[in-house]
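Biologist: Hi, could you walk me through this one? I'd like to talk about pockets and then helix packing.

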Amino acid sequence: MSLQEFVPTPRFDEYREVFKDFFTMERRDDGVLLVEAHTKGGPIQLSVQNHRALGQMLKTVGADPENEVLILTGSGDEFMMGSDPEGFALEEEDLPYWAYEYAYKDGRINVSSLVNDLEIPTIGLLNGPGFHSEIVLMCDITIAADDATIFDLHYDIGSVPADGIHCAFQELLGVKRAAYALLTGEAITAQKALEWGMVNEVVPRDQLVNRAYAIADHIMSQPRTTRRLTTQIVRRPWKQRIVNDLDGGFGIQMFGHVAKEHSIHGEQHIRSTVDYVREGRKNNFD
């Protein structure tokens, strides 16, 4: 017998409770895990707190060997279109500290954990319009609701778009389309995203989860080792992309924040900036 025992791995019933204020979790007996991000049961409202919780959740899910497929989505009819009214009070109180702690550190963990800390296949569901769509676009398979809209708001709120969304857009759209989308905030419809290769399928919102389960059933039809090793093959381009571009991009973005000496994540500021998406316009200047 070994002189030492294994360190216990996370238990689903325990971490489902720990993360309940940020994520609703359901797991089938075969290990297919559905995680729905939410704020008070509705669409995600960005905050320092839920920004950190994402990476913590991904690392925990990845450390549980009972998980076999992750389905990740938002809640309600929007993915992420606003921020918590008090969700960046900490940043406003001490911008230099939180520019590193919340943004550079936590933000890099969020993106790198999605790619590096999960040995299992991932299916991202874009349940509606929203920014920070890289969280589902960088999953192995991505399905969008037919009324979803992909866009980036960073430039329009005075921030450098370099916290992971640039990795997703440049990898999926190419240099020219990514540059236009990042500089203009282009609202990309679900159908256009399908044509451009940003998503794999477009379905009505009420069919998103069922479609994800159907794909998960197919993935689960092969042995565990085959599933997990195949994941490492299909994910390799993302690993190369984040190694090349994520840390440096985040550093540039954070330099911009600190140089301005001004927090730009206010609820009112973000809400007014994204109005053009709700109004069905391509850009906020057209």
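Biologist: How do the residues lining the second largest pocket divide into nonpolar, polar and charged?
Modeller: They divide into one nonpolar, six polar and three charged. Ala, Val, Leu, Ile, Met, Phe, Trp, Tyr, Cys and Pro count as nonpolar, Asp, Glu, Lys and Arg as charged, and the others, Gly among them, as polar. Keep in mind that this is a predicted model, where local features need pLDDT of at least 70, side-chain atom pairs count only at pLDDT 80 or more, and totals for chains, interfaces and linings use all residues. Residues are numbered from 1 along each chain as its sequence is written, and side-chain values use heavy atoms, with hydrogens and water left out.

Biologist: Which residues line that second largest pocket?
Modeller: Among them are Asp21, Lys40 and Asp84, along with Phe22 and His38. A pocket here is an open set of points on a 1 Å grid over the protein atoms alone, where a 1.4 Å probe fits, with protein on both sides within 12 Å along at least five of seven lines; lining residues have an atom within 4 Å of a point.

Biologist: And which helix gives the most to the lining of the largest pocket?
Modeller: H10, with five residues. Helices are DSSP runs (H or I, at least four residues), numbered from the N terminus. The lining of the largest pocket divides into four nonpolar, six polar and two charged residues.

Biologist: Switching topic, which residues make the contact between H6 and H7?
Modeller: Helix H6 spans residues 165-173 and H7 spans 175-184. Phe169 and Leu173 of H6 and Ala178 and Leu182 of H7 are among the contact residues (heavy atoms within 4.5 Å). The contact divides into seven nonpolar, two polar and one charged.

Terms used. Helices (H or I, at least four residues) and strands (E, at least two) are DSSP runs, numbered from the N terminus. Axes are lines fitted to C-alpha atoms, for helices over the stretch in contact, and angles run from 0 to 180 degrees between N-to-C directions.
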